[in-house]
Amino acid sequence: MRKDTVTPTDREARLLTRRAGRTPVYVYSREALRACVERVRAASVPGADLYYSLKANPHPGVVQTLATLVDGFDVCSLAELETALNAGMTARKVLFTGPAKSAGEAAAALAAGVMVTVESPRQATLFAAATDELGVTGRAVVRLNTPYPGRTPGADPSQNQFGVAKEDLAEVVDLLRASSLSVAGLQLFWGSQYADADIILAARKAMEEQARACVERFALQVEFVSLGGGIAMPWCDADPEVDWAGLAAAGGAATEGDAADRLPLVCEYGRSIVGPAGSLLTTVLDTKTVGGRRYVFVDAGINHVFIASRLIAGAGRGEPRVRLVDARPDARPGPAWVVGPLCSQLDVLAEGIALPEVEVGDLLLIEGVGAYGPTFSPSGFLSRDKVREIVF
Ligand SMILES: Cc1ncc(COP(=O)(O)O)c(C=O)c1O
């Protein structure tokens, strides 16, 4: 097991499978969620509120557990909004994000009293009209467009479609000022899956500077600035571990300036909170050797764990961490191709990994896949059963 992942013991895995009644089943550990939140908080911007992004894992049991551990939620759909509110999070601490909300989503978010991100003049107009129609006031968070830094030192930044373009900013501010929405905050999300502390710290600093310039230019009185998150979920064997120590050590040096002069800050994290806290349990259905390759067929496919698909993992990305539950003590690992039961050549979960001999009915555990699991997978493909999910 890697240092950055918390997985069930063999005994827990066996009992959880019986509790679920069948495999495949995702199992999320409350204890691990707590440990992950603590670790992310220590690595976050000191003093910043910690928001959990439901897009990473909206399972109600996970969200309920996190409602007591984090300061707010970021939601991206009406279903996520309901999950967040049902979990007991106060509406004032829920942020409805996304680059293009529909009129229905705008009205629902404002009726619920949550904050909404605004990403264009047209979206500002949409929210203004919705407040008028509903007879309510609202709290807008203006997302500023910002390039995403490269993930490794020296790599190029990438452009993206999110946030208000620099040239549209004055118009958005004017529209909001003329509306029943306050400019409650600014959001500067600068990307995902970063492991290098220097890159993360530099991004936070650059975002805080960009936010300060915007606040000064428009004399805004914001309640907070969201500086993004970005911390990675390493789950492939080749992924670098996050520099947790480097981030924690940076402490107050992450951004410069007098603490009293600092804007109240928020950071948003998804994968780094739930990724390491979840595993997928799957049963061996068959084995065979073709062209010298040992194939192990399991009952989980890319319709349940799309993140393992070659479409996402890509060549050379590394392989998921797969463990045989209750491996016999004398078992010698050999190369195996772990594949799902779908009739698609894409249904490959792990290539050439070291795995002991397995038999039909054996249980395999894929570690560190608690984020972007079932809701990120093409679950409708072949109309097969949905994967189960339980929290323990
Ligand atoms: C605005 C926003 N906040 C938070 C997140 C969560 O990111 P992560 O899972 O990388 O922590 C995302 C991811 O796309 C996002 O777009």
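Of the 392 residues in this chain, buried ones make up 55%. What you see is a predicted model, so please keep in mind that every value here is computed from it.

The chain has eleven helices and 16 strands. Its radius of gyration is 22 Å, close to the 21 Å that the globule rule gives for 392 residues, so the chain is as compact as a globular protein of that length. Along the principal axes, the C-alpha atoms fill a box of roughly 70 × 45 × 35 Å.

Now the inside. In soluble globular proteins, nonpolar side chains tend to be buried together. Here the largest nonpolar core has 111 residues. Among those with the most contacts inside it are Tyr-52, Phe-73 and Leu-364. Which helix gives this core its largest share? That is helix H8, residues 197-218, with ten residues. The core also draws at least three residues from each of domain 1 (30-275) and domain 2 (276-391).

Leaving aside neighbours within four places in sequence, Leu-364 is in contact with residues including Leu-280, Val-322 and Val-358. A second, separate core has ten residues, including Leu-16 and Ile-390.

Ala-48 lies between helix H2 (30-43) and strand S2 (49-53). Is Ala-48 buried or exposed? Its relative accessible area is 8%, so Ala-48 counts as buried, the cut-off being under 20%. Not counting residues up to four places away in sequence, Ala-48 touches Arg-41, Asp-71, Leu-265, Val-266 and Cys-267.

Terms used. Residues numbered from 1 in each chain as written. Predicted model: local features only at pLDDT ≥ 70, side-chain atom pairs only at ≥ 80, totals over all residues. Heavy atoms only, no water. Helix = DSSP H or I, 4+ residues; strand = E, 2+ residues; numbered from the N terminus. Buried < 20%, exposed > 50% of the residue type's maximum accessible area, 1.4 Å probe, protein only. Contact = heavy atoms within 4.5 Å. Core = buried A, V, L, I, M, F, W, Y, C linked by side-chain atoms within 4.5 Å. Domains from an automatic or database assignment. Rg over C-alpha atoms; globule rule 2.2 N^0.38 Å.
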